[in-house]
Amino acid sequence: MSYAITSSNSKAAIAAPPIDFSAPENLPPPNVRNARVIPASPSYFSGRPEFTDNLLNLQALLRKYQTLPTVPPGQGPRVAWRTVSQYRLLVGEPVRASRYHQVIEVLKRLNQIHPAVMPPDLQDAMQIYKRDINPYAVVKRPAVVDEDGRACGIGRRKSSSAKVYLVHGEGEVLVNGKSINRTFGRIHDRESALWALKATNRMDKYNVWALVSGGGTTGQAEALTLGTAKALMVHEPDLKPALRRGTCRISYRDDAYFAMDT
């Protein structure tokens, strides 16, 4: 016996009945056992999901705002970005330095966008990568000569430090309330302590009152000449080239003064 299979019979045999999605009551009950949670982040199954999300987010912002006007290289706002160790603590992942360098490169490019047109969402996204304290935002207070005609200079050398007051006078020098001969027994230390005045021919034009502490006598003498050089430049800023020629090289980084070949 043979049966003729019509198209309607074949549909009923091999296909499920149609579902009316417009009516929620007609929907089949959900199969909870076969349900799967979809991660909110596409980087969930990667080894560094937090870092990957951060990098993808910055790259998306760069594509979005890459047509905005930028400032010339080196003229953008100076920003101190988090170090790789600080970033690892922030995200809680062992990010390699080479991978974090990719984030820094994107941040530098975003930081070149002109501040006048910097979008608020971009500012918020970049803020988490900045250090809590920006050392570039610290403005050094200019040194001045006080009402008594004194200029103050701070010098540091290794573990020694010196606070020097320089005033116009006849060449008198007191260190910790004592003469320089009593403070420094070695001739080399005495010459090193007054090298800034000697190199500029100002030995008999200024009086020096200094407080030194820490380290040995050699370190204190070198700290003293650096503090003297700083105070001398307050009185006469044009002496900086002469101090450099006298191998009293000065750096203003962190208010520290470093002597070379003294």
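Student: How are H2 and H4 oriented relative to each other?

Tutor: Angles under 35 degrees count as roughly parallel, over 145 as roughly antiparallel, 65 to 115 as roughly perpendicular and the rest as oblique. Axes are lines fitted to C-alpha atoms, for helices over the stretch in contact, and angles run from 0 to 180 degrees between N-to-C directions. Here the axes of helix H2 (residues 49-65) and helix H4 (residues 97-111) come within 10 Å and cross at roughly 25 degrees; H2 and H4 are therefore roughly parallel to each other. This is a predicted model, in which local features need pLDDT of at least 70 and side-chain atom pairs pLDDT 80 or more, while totals for chains, interfaces and linings use all residues. Residues are numbered from 1 along each chain as its sequence is written, and side-chain values use heavy atoms, without hydrogens and water.

Student: Which residues in H2 meet H4?

Tutor: Contact means heavy atoms within 4.5 Å. Those in H2 are Phe51, Leu55, Leu58, Gln59, Leu61 and Leu62; their partners in H4 include Tyr100, Val103 and Leu107. The residues of this contact divide into ten nonpolar (Ala, Val, Leu, Ile, Met, Phe, Trp, Tyr, Cys and Pro), two charged (Asp, Glu, Lys and Arg) and two polar (the others, Gly among them).

Student: In what order do the strands of the sheet lie?

Tutor: Helices (H or I, at least four residues) and strands (E, at least two) are DSSP runs, numbered from the N terminus, and two strands pair if DSSP finds at least two bridges between them. The open sheet has five strands in the order E1-E2-E5-E3-E4, with mixed pairing. Strands E2 (residues 160-168) and E5 (residues 206-213) pair in the antiparallel sense over eight bridges, and Ala162 stands opposite Val212 in E5.
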